[in-house]
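Dear colleague,

I am handing over the structure below, and after it you will find notes on what was found in it. Please read them with the model open beside you.

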Amino acid sequence: EKIRIAVYVKKAALHFIEGTIAARLAANRVEHKLSDNVRQTGFGIEPDELSAIVRSQDNKTLESHGGVEGLAREISVSLNDGVVSSDISIRQNIYGSNRYAEKPARSLWMFVWDALHDLTLIILMACAVVSIGVGIATEGWPNGMYDGVGIVLCILLVVMVTAISDYRQSLQFKVLDKEKKNVIVQVTREGIRQKVSIFDLVVGDVVHLSIGDVVPCGRHSYIRPQLISR
């Protein structure tokens, strides 16, 4: 009898938890209304809603749109023929481009500031200040400043050379990183299989993937690449 009661209590608790989770999901679910821009272009789903489906992997919302076929109809794309080339600019304006928002590049003065934090240079600057103070006290102005000022000029020269070198390396690394991310993928557009840059992909593109390929899109914009196994 005690075991039977415990089983009933456990089932009731599970039902309560499931109901609570479902209520929270329903409360958090935002009703997306079509904006004028989306409606005028003929699409049937908002960018935020499409992004939320992909980000949260919400199968229920996907099924409410009619699954993959229904979603394809809402973004006006054929699963066999792919995107129409004339719609690419429209899709980029509505759903965004397939890129991450990159951080602005560091300026030269930021590298100068970093170079000034070198421990050896800090010690040399302290020595320069001491040298100037002792020199003025012993030899007077301006003869007592020459040694200290010479040390300061050497420090500034080292800082500028280091900062410029690091700044140029950062620019070169940025160019190489951009070329590395510019992956060429195969898509079907207007019924023709063709190669395009990963940055030119738009929402609705039918992408062909092979074993070991990098997934070229996700989260409604550019992706964190993940290797696929099949």
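Is Glu190 buried, partly exposed or exposed? With a relative accessible area of 45%, Glu190 is partly exposed, a class that lies between buried (under 20% relative accessible area) and exposed (over 50%), with a 1.4 Å probe and protein chains only. Please keep in mind that this is a predicted model, in which local features need pLDDT of at least 70 and side-chain atom pairs count only at pLDDT 80 or more, while totals for chains, interfaces and linings use all residues. Residues are numbered from 1 along each chain as its sequence is written, and side-chain values use heavy atoms, without hydrogens and water.

Glu190 lies in the loop between S1 and S2, and its phi is positive, near 55 degrees, although the residue is not a glycine. Helices (H or I, at least four residues) and strands (E, at least two) are DSSP runs, numbered from the N terminus, and two strands pair if DSSP finds at least two bridges between them. The hairpin of S1 and S2 has 2 residues between the strands, and 6 bridges join S1 (residues 184-189) to S2 in an antiparallel pairing. Within that pairing, Val185 stands opposite Val196, and Val187 stands opposite Gln194.

The open sheet holds 3 strands in the order S2-S1-S3, with antiparallel pairing, and its edge strands, S2 (192-197) and S3 (206-208), each pair on one side only.

Elsewhere, Ser76, in the loop between helix H5 (67-74) and helix H6 (88-95), also has a positive phi of about 55 degrees without being a glycine, and at 36% relative accessibility Ser76 counts as partly exposed.

With kind regards
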